[in-house]
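Subject: A structure for you to look at

Hi,

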Amino acid sequence: MEINTETKIMAVIGDPIDHSLSPFMHNHIIAENGYNAVYFPFRVQTEEGLKRFLRSAEILNFAGFNITMPHKQNIIPLLDGIDSEAEAYGAVNTVKIRDGKAYGYNTDVRGLFWALKENGAKLSGSRVMVIGAGGVAASLIRGASAAGIRSITVLNRTLKKAEQLCEGLNYAQAMAQTPENMRSTAASSDLIINCTSLGMSGTEHDFSDLSFLDETDAFLCDLIYNPWETNFLRYGRERGLTTINGMSMLICQGLISFEIFTDEKLDMRREYDRLLPLCEARLKKK
């Protein structure tokens with residue numbers, strides 16, 4: 001491609017950042033569609049570094065950038081405005097630069113729900129079991145009512161953290177992550193989402209017992225995508241359950257971010273179907 005003064009600059013920032021598949025994914029979208037744009041990764045370690053990066057992005061008139069940990073909350077007070085989703089979730093993962101000002105968005109939940117529905121999960125009227133109480137879990141729980149989800153049960157090893165996520169939400173309840181609670185909740189759930197790092201490559205922690213899946217017909221989603229199939233998903237698949245990993249969410253939220261950056265409409269299904277095998281091959285090659 002030819003780089004010129006009209007080339008849109010996009011990026012992803014975070015720490016660590018070398019593992020991110022966002023540059024691979026976005027640059028494939030750019031090449032496939034012939035856009036005059038480029039997407040870079042930048043390691044931003046500190047809050048002071050975040051301030052400097054944002055100021056530089058505004059001066060250089062970036063189209064926008066994505067944000068991963070640990071800056072999804074720290075960026076908020078630095079922005080000129082945020083949309084209603086980002087405000088409700090208390091986290092920003094997408095920043096658009098417009099006329100020298102920065103505006104924040106959150107595409108995580110829309111990306112997750114789109115991926116679930118496109119892969120056959122029924123959200124409206126569903127009973128959802130969420131394992132873990134981290135940042136994505138918090139956004140998911142707050143965005144559930146807009147998707148028509150009937151109820152959410154959050155199970156976490158630290159009960160107080162789960163209770164804080166459910167506070168004030170009449171459709172959400174918190175439970176301790178005990179074998180008994182896991183089993184009873186799974187049996188009555190339509191959708192089970194693992195929002196923990198259990199089973200992730202590079203960690204030594206995994207589910208010690210997956211028998212809570214023995215009596216459920218639920219759709220299974222794991223936000224982890226490395227390894228491609230966690231033990232949680234493998235156990236469910238071997239019992240005939242439908243499963244997806246976190247790559248589906250990553251791709252879908254990235255496509256929504258790309259539309260925000262460029263003001264271009266993408267054929268979401270076509271791009272998703274094209275990117276999923278490419279990202280799988282890239283991940284397994286690393």
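Which residue of β11 is the bridge partner of Leu191? The partner is Phe219.

Before the rest, a word on how to read this. The model is predicted, with local features needing pLDDT of at least 70 and side-chain atom pairs counting only at pLDDT 80 or more, while totals for chains, interfaces and linings use all residues. Residues are numbered from 1 along each chain as its sequence is written, and side-chain values use heavy atoms, with hydrogens and water left out.

**The sheet**

Helices (H or I, at least four residues) and strands (E, at least two) are DSSP runs numbered from the N terminus, and two strands pair if DSSP finds at least two bridges between them. An open sheet of 6 strands runs in the order β9-β8-β7-β10-β11-β12, with parallel pairing. At the edges stand β9 (172-176) and β12, each with a single partner strand, so one side of each has no neighbour in the sheet.

Strand β7 (residues 127-131) is largely enclosed by the rest of the structure, because 4 of its 5 residues are buried (under 20% relative accessible area, with a 1.4 Å probe and protein chains only). It is joined to β8 (residues 151-156) by 5 bridges and to β10 (residues 191-194) by 4. Met129 has a bridge partner on either strand: Thr153 in β8 and Ile192 in β10.

Further along, 4 bridges join β10 to β11, where Asn194 stands opposite Asp222. Strand β11 (residues 219-222) is covered on both faces: Phe219 and Cys221 on one side, and Leu220 and Asp222 on the other, are all buried.

One right-handed unit is made by β7, α5 and β8, and another by β11, helix α8 (residues 231-238) and β12. Right-handed means that, with the strands pointing away from the viewer, the path from the first strand over the helix to the second runs clockwise.

**The aromatic rings**

Rings of Phe, Tyr and Trp (its six-membered ring) pair if their centres lie within 6.5 Å; planes under 30 degrees apart count as stacked, over 60 as edge-to-face and the rest as tilted. The count comes to 8 aromatic pairs. Phe53 and Phe65 are edge-to-face, at 5.0 Å centre to centre and 90 degrees between the planes. Since Phe53 lies in helix α2 (residues 47-59) and Phe65 in strand β3, the pair ties together parts that are 12 residues apart in sequence. Both Phe53 and Phe65 belong to a cluster with Phe40, Phe42 and Phe62, linked by ring pairs.

Phe207 and Phe232 are stacked, because their ring centres are 5.6 Å apart and their planes at 25 degrees. Phe207 is buried, with a relative accessible area of 12%, and Phe232 is buried at 0%.

**The largest pocket**

A pocket is an open set of points on a 1 Å grid over the protein atoms alone, where a 1.4 Å probe fits and protein lies on both sides within 12 Å along at least five of seven lines; lining residues have an atom within 4 Å of a point. The largest pocket has a volume of about 1400 Å³, a volume being the space filled by probe spheres set on the points. Of its 47 lining residues, the closest to the centre are Thr68, Met69, Val136, Met200 and Leu223. The largest share, 6 residues, comes from α5.

Enjoy exploring!

Definitions and conventions. Buried means under 20% relative accessible area, exposed over 50%, partly exposed in between (1.4 Å probe, protein chains only).
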